[in-house]
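Let's take a walk through this structure together, from the overall fold down to single residues. Have the model open beside you as you read.

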Amino acid sequence: MTPVLSLRNIHKTFGGITAIEDFSLDLHAGEVVALVGDNGAGKSTLIKIISGVHPPTSGEILLDGEPASIPDASIARERGIEVVYQDLALADQQPVYMNLFLGREPVKGPLRLLDRRRMIAETESLIKELDVRIPSVRATIRDLSGGQRQGVAIARATHWATKLVLLDEPTAALGVAETARVEATITALKARNLAILIISHSLDQVFRLSDRICVLRRGQQIGVRDTAQTDKNEVIAMITGLT
Ligand SMILES: Nc1ncnc2c1ncn2[C@@H]1O[C@H](COP(=O)(O)OP(=O)(O)O)[C@@H](O)[C@H]1O
Ligand SMILES: [Mg+2]
């Protein structure tokens, strides 16, 4: 099976600082890979490289086996790559269904009016499929809880992603119950056969959600493990370098 995404020997420096050193990873459709490591390890930088925010200093990116350049975030989206961040990028004053389409709204007729009926229908079906529990797709974002908002952000990414969803600490700002809801949403996402890369500080979460775990330490790729064949002690030792 051709990987959806291959990173080959990625390096990234910012001025004199090496943020990523020789990173290689294959991501397949339908799998969840967790990226773990201490603060400053280079996790967010990797997600930014994949989503077109930063170019790699060297190394190769392949999408569906083809060499690809991802020069900016809009090209990443065109290629089916969506990102969810911990700080929500939603329009607070707008209803849920508008947020699903921000900047990409469908229009109808010669006057190119917003096709609200279609937006509402598509949003309702996705919210149901992912089991995001909100009062209504017509609800305004600011009236939702943090967990509900993050559910909407994940639904939006899911709606547009054809290949890859990248999640950078998606539950960092949430309480326990809300985190559980968002984890259920991420699990539902897997059934869509997307590849999922998630950054998380919670090893409990990493072990609940991931198929594989990739460890970074100060920009170096320490190793990749099948989640079923490792344990927290090993992963902590890899993260810290202490045994
Ligand atoms: N835009 C930037 N300019 C300069 N240095 C950066 C930039 N982004 C990240 N870095 C540096 O790269 C390293 C990795 O950062 P980051 O990827 O944010 O780590 P993590 O997400 O694992 O906490 C850090 O040393 C950080 O200071
Ligand atoms: Mg980070």
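Of the 243 residues of the protein, 40% count as buried, where buried means that 20 or more other C-beta atoms lie within 10 Å of the residue's own, exposed means 12 or fewer, and partly exposed is in between, with C-beta atoms placed from the backbone. Before going further, please note that this is a predicted model, in which local features need pLDDT of at least 70 and side-chain atom pairs count only at pLDDT 80 or more, while totals for chains, interfaces and linings use all residues. Residues are numbered from 1 along each chain as its sequence is written, and chains are lettered from A and ligands numbered from 1 in the order in which they are written.

The secondary structure comes to 8 helices and 12 strands; these are DSSP runs numbered from the N terminus, helices being H or I with at least four residues and strands E with at least two. The radius of gyration is 18 Å, close to the 18 Å that the globule rule gives for 243 residues, so the protein is as compact as a globular protein of that length. Here the radius is taken over C-alpha atoms, and the rule is 2.2 Å times the number of residues to the power 0.38. Along its principal axes, the C-alpha trace spans about 60 × 40 × 35 Å.

Now turn to ligand 1. Around it you will find F14, I17, A19, G37, N39, G40, A41, G42, K43, S44 and T45, a residue being counted if its C-beta atom, placed from the backbone, lies within 6 Å. This shell divides into 4 nonpolar, 6 polar and 1 charged; Ala, Val, Leu, Ile, Met, Phe, Trp, Tyr, Cys and Pro count as nonpolar, Asp, Glu, Lys and Arg as charged, and the others, Gly among them, as polar. Strand 2 (17-27) and helix 1 (43-50) each supply at least two of the shell residues, and the largest share, 3 residues, comes from helix 1.

Finally, find P3 in the segment before strand 1 (5-14). Leaving aside residues up to four places away in sequence, P3 touches D26, L27 and H28, with contact meaning C-beta atoms, placed from the backbone, within 7 Å.

Conventions: Two residues are in contact if their C-beta atoms, placed from the backbone, lie within 7 Å.
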